[in-house]
Amino acid sequence: MLVIVDLDDTLCNTWEAGKSALIKLMIHLIRKGRFRLVKYLLLGKYRSFESIKRYHLLGPGELIKDVLLALYPDIERAEVREMVELVEGDFFSKLRLYPDALPFLRGLKELGAKVALVTDSSSEWQRKKIERLGIAGYFDDIIISGETGHSKLEPHNFVLAVERSGEDRVYVVGDRDDTDMMGAKAIGAVGILVRRGYFRNRIVRNADYTVKDLFEALKVIRSEEGNKGRAEA
């Protein structure tokens with residue numbers, strides 16, 4: 001059995017930590033008189049990144065640089081660096097595992113599952129999170145879009161996880177329907193959507209199960225495995 005798990009807003013509070021960093025950035029921008037960027041953030045224009053493959057391969061620092069240079073072509077590199085460091089520093093000071101994350105990962109190991117982390121963003125950014133959270137040892141495989149060149153908007157990384165595991169019973173657990181659950185559907189896996197974080201109120205079209213937390217996700221997997229065991233007997 002293989003369980004493919006998402007990182008951001010599935011195992012850890014990425015959106016909560018990100019909101020804190022954005023608020024700190026806006027206060028800094030107001031003090032600097034950078035009102036174009038304040039307006040950009042308040043209007044939620046960053047949401048346009050959600051469906052653009054390139055931005056799923058980049059870390060927040062690179063995204064901030066792109067936006068700053070688009071809004072302020074003459075901005076000095078030192079100011080860009082200052083803002084990136086401010087955002088990253090505040091973000092990592094607030095980043096935490098959800099309380100159910102470690103019990104979930106331990107529960108999967110008790111079931112004898114292989115666990116693959118499949119996540120979007122840059123290699124540097126995601127591996128820094130994994131290190132800070134201390135969870136690398138729970139994964140048999142780690143696949144990051146910034147390393148493969150493929151985002152979760154396409155099935156490539158899900159297919160890769162299955163191929164490298166050699167397993168044919170597969171579950172995908174994540175918080176986003178149009179990436180995690182669509183990926184599950186593409187590889188014939190059972191998709192379990194955790195309703196929390198940035199995407200918690202989005203329409204669900206692809207999930208086989210919708211749960212409120214990882215405790216419920218683990219129950220689903222145990223139940224599915226029990227049913228399969230009885231069917232095979």
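Trainee: Is aspartate 9 buried or exposed?
Mentor: Aspartate 9 counts as buried, at 5% relative accessibility. Buried means under 20% relative accessible area, exposed over 50%, and partly exposed in between, with a 1.4 Å probe and protein chains only. Keep in mind that this is a predicted model, where local features need pLDDT of at least 70 and side-chain atom pairs count only at pLDDT 80 or more, while totals for chains, interfaces and linings use all residues. Residues are numbered from 1 along each chain as its sequence is written, and side-chain values use heavy atoms, leaving out hydrogens and water.

Trainee: Where is aspartate 9 found?
Mentor: In the loop between strand 1 (2–5) and helix 1. Helices (H or I, at least four residues) and strands (E, at least two) are DSSP runs, numbered from the N terminus. Aspartate 9 has a positive phi of about 65 degrees, although it is not a glycine. Most residues other than glycine have a negative phi.

Trainee: What is the phi of serine 121?
Mentor: Near 120 degrees, a positive value in a residue other than glycine. Serine 121 is in the loop between strand 2 (114–119) and helix 6 (123–133). Serine 121 is buried too, with a relative accessible area of 8%.

Trainee: Which residues of helix 6 are buried?
Mentor: Trp125, Gln126, Lys129, Ile130 and Leu133. They sit on the same side of helix 6, because they cover an arc of only 130 degrees around the axis. That arc is taken over the directions from the helix axis to the C-beta atoms.

Trainee: And which are exposed on the other side of helix 6?
Mentor: Glu124, Glu131 and Arg132.

Trainee: What do the buried residues of helix 6 pack against?
Mentor: Helix 1, helix 3 (60–71), helix 4, strand 2 and strand 3 (141–144). Contact means heavy atoms within 4.5 Å. Just after helix 6, glycine 134 takes a positive phi of about 70 degrees.

Trainee: Switching to helix pairs. At what angle do helix 1 and helix 4 cross?
Mentor: Roughly 145 degrees, and the axes of helix 1 (residues 14–32) and helix 4 (residues 77–94) come within 8 Å. Axes are lines fitted to C-alpha atoms, for helices over the stretch in contact, and angles run from 0 to 180 degrees between N-to-C directions. The residues of the contact of helix 1 with helix 4 divide into eight nonpolar, four polar and six charged. Ala, Val, Leu, Ile, Met, Phe, Trp, Tyr, Cys and Pro count as nonpolar, Asp, Glu, Lys and Arg as charged, and the others, Gly among them, as polar.

Trainee: What is leucine 86 in contact with?
Mentor: Ala21, Lys24, Leu25 and His28, leaving aside neighbours within four places in sequence. Leucine 86 lies in helix 4.

Trainee: Now the core. Which residues touch the most other members of the largest nonpolar core?
Mentor: Leu11 and Phe104, out of 54 residues. Helix 4 gives the most to this core, with seven residues. A nonpolar core is a set of buried Ala, Val, Leu, Ile, Met, Phe, Trp, Tyr and Cys residues joined through side-chain atoms within 4.5 Å.

Trainee: What does phenylalanine 104 touch?
Mentor: Val5, Leu11, Val173, Leu214, Ala217, Leu218 and Ile221, not counting residues up to four places away in sequence.

Trainee: Last one. Where is isoleucine 4 found?
Mentor: In strand 1. Isoleucine 4 is buried, with a relative accessible area of 1%. Its contacts beyond four places in sequence include Phe158 and Val170.
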